[in-house]
Amino acid sequence: MEGNTYGYVRVSTQEQNEARQLTAMREFGVLEEHIVVERLSGKDFNRPRYQRLIRKLQPEDVLVVKSIDRLGRNYDEILEQWGAITKTRKAAIVVLDMPLLDTRQGRDLTGTLIADIVLQLLSYVAQTEREYLRQRQAEGIEAARERGVQLGRGRLELPKKFYTLAEQWRKGDISSRSAAQQLGISYQTFLRRAKEHCTGL
């Protein structure tokens, strides 16, 4: 018995246009009623429609996505979802942008093996790139420190009026909030610097 073919379309914001993904699904032959569209922000990856679709998948079913990143935010998540769909649900996946990522039955064992290897390779490359980027950032920070470059936010230059107000605050003549308001800074910043000033006297 042949299973159903489902398409999953995700766009990360309300403004993004899903037309390109929908066109690709229709051209592949996914029925309109089997296309699931989900719109959500990049930060919020709680995908209720996707989760419902995955729970519905049966052996022999096929899940079609336009690109591999529709399955997750990063390759750890993509690998997890890939395993859940192909191993747990025993359904197939077709990634339209990467023809090698196609696990439909009817393909021989070599084809399925190649799909798994390609996915693992993509995951490895992505992880290596992340580690390389972190290493380059660390090296850049170290080199900047050696050149005497100050990193991070510099200390706020205080106006001359600060010292007068800090003295008034120390004597109890003015509140920290009132002083901060006059200086145009937060009262937490005023308190921190005022205490430093008073202890340094």
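This is a predicted model: local features need pLDDT of at least 70, side-chain atom pairs count only at pLDDT 80 or more; totals for chains, interfaces and linings use all residues.
Arg170 and Glu167 form a salt bridge, and their closest N and O atoms lie 3.0 Å apart. Both residues belong to helix 5 (residues 161-171), and because they are 3 residues apart there, about one helical turn separates them. Arg170 is partly exposed, since its relative accessible area is 47%. Side chains of opposite charge can pair when their charged atoms come close.

Next, colour the protein chain by secondary structure. The chain has 7 helices and 4 strands. Read from the N terminus, the order of elements is β-α-β-α-β-α-β-α-α-α-α. With the surface displayed, the chain exposes about 13,200 Å², of which carbon and sulfur atoms supply 50%. Of the 201 residues, 37% count as buried. Among contacts between residues at least 6 apart in sequence, 59% join residues at least 24 apart.

Now select strand 1 (residues 5-11) together with strand 2. The two strands run parallel and are joined by 5 bridges. To view one of these pairings, pick Val9, whose bridge partner in strand 2 is Val37.

Return to the charged pairs. How many salt bridges does the count come to? The total is 7. One of the salt bridges joins the side chains of Arg26 and Glu32, at 2.9 Å from N to O. Arg26 counts as partly exposed, because its relative accessibility is 41%. Glu32 is also assigned to the partly exposed class, at 46% relative accessibility.

Move on to Lys66 and Asp97, which form another salt bridge, with the closest N and O atoms 2.6 Å apart. This pair links distant parts of the chain: Lys66 sits in the loop between strand 3 and helix 3, Asp97 sits in the loop between strand 4 and helix 4, and the two are 31 residues apart. Is Lys66 buried or exposed? Lys66 is buried, because its relative accessible area of 12% falls under the 20% limit for that class. Asp97, by contrast, is partly exposed, at 42% relative accessibility.

Keep Lys66 selected and trace its surroundings. The loop that holds Lys66 runs between strand 3 (62-65) and helix 3 (75-88). Leaving out residues up to four places away in sequence, Lys66 touches Arg20, Gln21, Ala24, Met25, Val95, Leu96 and Asp97. A distance drawn from the C-alpha of Lys66 to that of Met98 spans 8.7 Å, although the two residues are 32 apart in sequence.

Finish at Thr103, in the loop between strand 4 (92-95) and helix 4 (109-146). Thr103 counts as buried, because its relative accessibility is 11%. Which backbone atom does the side chain of Thr103 reach? The side chain reaches the backbone nitrogen of Ile93, at 2.9 Å. With neighbours within four places in sequence set aside, the residues in contact with Thr103 are Trp82, Thr86, Ala91, Ala92, Ile93 and Ala115.

Terms used. Residues are numbered from 1 along each chain as its sequence is written. Side-chain values use heavy atoms; hydrogens and water are left out. Contact means heavy atoms within 4.5 Å. Buried means under 20% relative accessible area, exposed over 50%, partly exposed in between (1.4 Å probe, protein chains only). A polar contact is a pair of N or O atoms within 3.5 Å; within protein, one must be able to donate a hydrogen and the other to accept it, and residues adjacent in sequence count only if both atoms are side-chain atoms. Two strands pair if DSSP finds at least two bridges between them. A salt bridge is a side-chain nitrogen of Lys or Arg within 4 Å of a carboxyl oxygen of Asp or Glu. Accessible areas come from the Shrake-Rupley method with a 1.4 Å probe; for residues, only the protein chains shown count as cover.
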